[in-house]
Amino acid sequence: MKRAKYFLMLAVLIAPSSLIAQGSPKQQVLPNITTINVHSLGPQRIGNLPPVPVPPDNPQTSMKVQLGKQLYFDTRLSKDNTVSCQTCHDPAMGWSDAGPTSTGIHGQKGPRRAPPVSNAAYNPLQFWDGRAASLEEQAEGPMQNPVEMGNTLDNVVETLNGIPGYVEEFKQVFGTTPITIAQVVQAIAAFERTVVTTDSPFDRYIRGDRKALTPLEKQGMAIFNGKGHCTACHWGPDFSDGRFHNLGVVQTGPSKVDNGRYDVTHNPADMGAFKTPTVRDAGLRPPYMHDGSEKTLETVVDLYNRGGGDDDPNLDPLIVPLGLSKEEVKALVAFMRVALTSNNPEVAHVKPIPVSELPK
Amino acid sequence: MKKLYVLILAFIALSFLVPETAHAIPAFARKYGFTCTMCHTAFPKLNDFGQRFRDNGYQIPGQEGYEKNVFEIPPPISMRTPVGFSVYDSKQGATSGFNVYGLDLLAAGVLHKNISFLLIYTPRIDEPAGDYAGPNNGANPSQLGSMESANIVFSNIVQNALNLRIGRFEPAYQVFSSHRSFYIMEPYEVYTFTTPANSYLFSDNQMGVEATGHFKSGFKYGLGVVNGNGGNPDNSNYKDVYLNLVQIIGKGDGQSAGQRIGVFGYYGWQPTVLPGSVVAPTGETNGSGNKPFYKLGGDVSLNWSTLNLEVLVMGGNDDKALNTLDPTKDYRYSGGFVELDWAALMNNRLIASVLYNWVTPPSYDNGRSINAYSALVRYYLGDWTAFNVALHGEYTYREIGTTNPTKDNLFTVLVDFDF
């Protein structure tokens with residue numbers, strides 16, 4: 001028994017250092033469990049998240065993750081050194097921001113709300129309109145968006161190649177110099193693939209802890225899965241079908257008109273359709289919808305209860321009035337706000353890396 | 001002793017009162033992990049989502065091509081049966097008994113993108129040996145074995161505008177489905193009303209092919225060509241056709257939200273001479289002397305909160321050659337029903353409903369006129385995924401005939417389970 005305790009203590013002491021392996025010339029390769037995206041399997045039950053899908057050409061390593069984390073919090077990726085990924089995807093705001101839409105360089109307001117980074121690794125397509133097919137492709141977008149980070153990819157690469165600390169780290173991670181934009185976005189994506197929330201009361205309930213949910217939350221889960229019709233779109237382990245729907249949301253914010261997915265596909269059926277966001281940790285990041293037009297989860301449910309927003313001719317056929325009573329709305333919101341809010345301290349309490357600790 | 005016979009006869013009559021069992025398909029819920037109220041206001045009545053799911057060939061709208069097919073999921077088999085106790089009281093006397101009121105065995109699923117199927121088999125319930133004392137020479141089961149549905153659906157042939165259902169199916173003109181009614185004991189009388197020499201039954205599932213379409217404007221249509229003989233061999237060389245048109249006003253599909261108005265028409269043929277001399281390998285004979293009949297009707301479904309008011313009115317006309325009661329004139333009748341359903345409690349765990357049925361035959365057949373008043377309460381024991389149990393209480397008071405009508409009461413309590 002004493003020997004077992006000894007090995008256990010040894011394992012605990014060794015594990016963190018081997019996982020971090022920072023500064024070691026030999027990188028710790030993190031297990032790439034799967035490359036299968038859950039959405040390719042079709043509509044399925046809500047449940048525990050499977051391992052994060054990792055693309056074969058960008059395997060996870062501890063050093064790459066750490067490098068990506070530094071880049072994520074580094075404002076030098078923006079044109080005027082004021083905006084980082086964290087500015088709009090803040091861990092303290094549920095990996096989104098206060099909204100309603102995001103603010104970029106020079107205080108410019110973007111037309112849409114920042115989608116959460118947490119669990120974004122499960123999205124088959126990124127951005128509200130799905131114009132990026134991977135986290136890597138997504139990471140290129142904001143850097144060169146004039147309203148967001150206002151930079152060019154060439155400038156980003158030039159800036160990073162001018163920072164010896166980054167040059168050294170990139171060399172250790174990728175084995176080559178100079179730094180390329182492909183390496184930059186691969187590192188950021190690798191970090192984002194670690195931002196996964198797996199320990200909500202719902203997750204514990206699914207794993208067998210029948211006391212993890214209160215009776216009200218259980219009622220809310222039944223409504224989520226039934227009368228509320230939520231799982232028609234918010235299905236699967238990440239509570240999203242990864243597809244695009246027009247909810248009839250009345251456009252607000254800087255954009256008078258937002259065509260959504262249509263601007264990517266030019267398919268009339270996609271007019272005004274936006275990607276289904278995950279409901280995991282939704283309670284941490286009001287307001288809601290692509291334009292942040294719904295301030296609370298209660299108003300979100302009210303929108304659905306009315307059968308969507310306005311009489312949009314392209315309203316998704318899944319959107320119908322629900323007939324939910326006040327008590328049912330209360331239960332449903334309790335499930336979303338409390339039962340789906342994770343308790344993953346390594347994700348929820350990620351602190352920005354101070355400028356003084358970023359590579360120089 | 002005479003009274004005993006009367007009671008036995010009354011009890012046997014009770015078994016004929018039992019309509020076809022209704023169905024819900026928990027196999028779908030198992031596939032997705034849904035609870036019943038995803039597709040049903042409360043099982044078996046479809047809500048708007050369930051109606052659109054059905055209209056889309058048992059695929060979630062927008063998920064065509066991504067759905068797991070039947071080979072990738074647990075066996076897509078479901079079962080539903082109501083079991084309980086009935087008290088029947090008429091002027092002949094009263095009787096009561098425990099009964100199994102029906103059994104549905106269902107299989108359904110997606111075979112391939114936009115190709116799906118539905119099978120419903122209703123086996124004979126009681127033991128053949130148990131019929132020895134029956135007046136119909138042992139041919140009096142509570143439920144005859146029947147392949148109630150066996151159809152394949154080709155969806156979205158032209159987007160939402162053309163879907164085909166082939167086989168035996170519930171025709172689109174049954175906008176208020178007798179198979180998915182909350183009422184287990186009391187049928188929609190006008191659906192089951194038979195005319196003198198016409199084997200067509202409005203409530204029957206029919207064999208043939210049906211085209212349906214639904215549009216963003218809220219317009220829906222159903223157009224079918226069928227034998228018109230339910231599950232029986234067809235002995236008419238003419239086929240029946242029908243058309244129903246529906247317009248939904250407001251958001252929803254008219255089942256649980258939005259307002260729906262529709263019209264329908266059925267035009268069929270029945271042979272007056274049968275059987276003929278030609279017997280096909282599939283069992284049909286060449287009945288001849290075909291004469292026409294038709295049915296026309298309209299329906300309205302109004303929704304407010306969790307209240308749903310359903311009204312259907314229809315009339316029928318059979319050619320005088322089919323009118324054995326008075327061959328000098330066509331047989332004409334009318335009828336309909338008004339039903340008000342209310343869903344209450346969390347997740348629609350309680351259903352309360354009232355229903356009025358009427359059928360008005362021609363004056364020379366007024367002994368078969370019907371006025372029936374029904375009410376029911378259903379309580380669902382849980383919010384489980386893919387199965388449920390309902391406690392069901394239903395009462396009907398019915399008058400048959402206008403002069404010195406037959407009056408009867410039927411009270412039933414049962415447990416209705418579906419998984």
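Between chain A and chain B, 14 residue pairs are in polar contact, both residues at pLDDT 80 or more. A polar contact is a pair of N or O atoms within 3.5 Å; within protein, one must be able to donate a hydrogen and the other to accept it, and residues adjacent in sequence count only if both atoms are side-chain atoms. The model is predicted, with local features needing pLDDT of at least 70, side-chain atom pairs counting only at pLDDT 80 or more, and totals for chains, interfaces and linings using all residues. Residues are numbered from 1 along each chain as its sequence is written, chains are lettered from A in the order in which they are written, and side-chain values use heavy atoms, without hydrogens or water.

Contact (heavy atoms within 4.5 Å) links 36 residues of chain A with 30 residues of chain B. The buried area is about 2600 Å², taken as the accessible area (1.4 Å probe) that two parts lose on being put together, summed over both. Carbon and sulfur atoms give 57% of that area.

D234(B) is buried, at 5% relative accessible area (buried means under 20%, with a 1.4 Å probe and protein chains only). The side chains of D234(B) and N229(B) form a polar contact of 3.4 Å. M207(B) is 27 residues from D234(B) in sequence, and their C-alpha atoms are 9.4 Å apart.

How values were computed: Buried means under 20% relative accessible area, exposed over 50%, partly exposed in between (1.4 Å probe, protein chains only).
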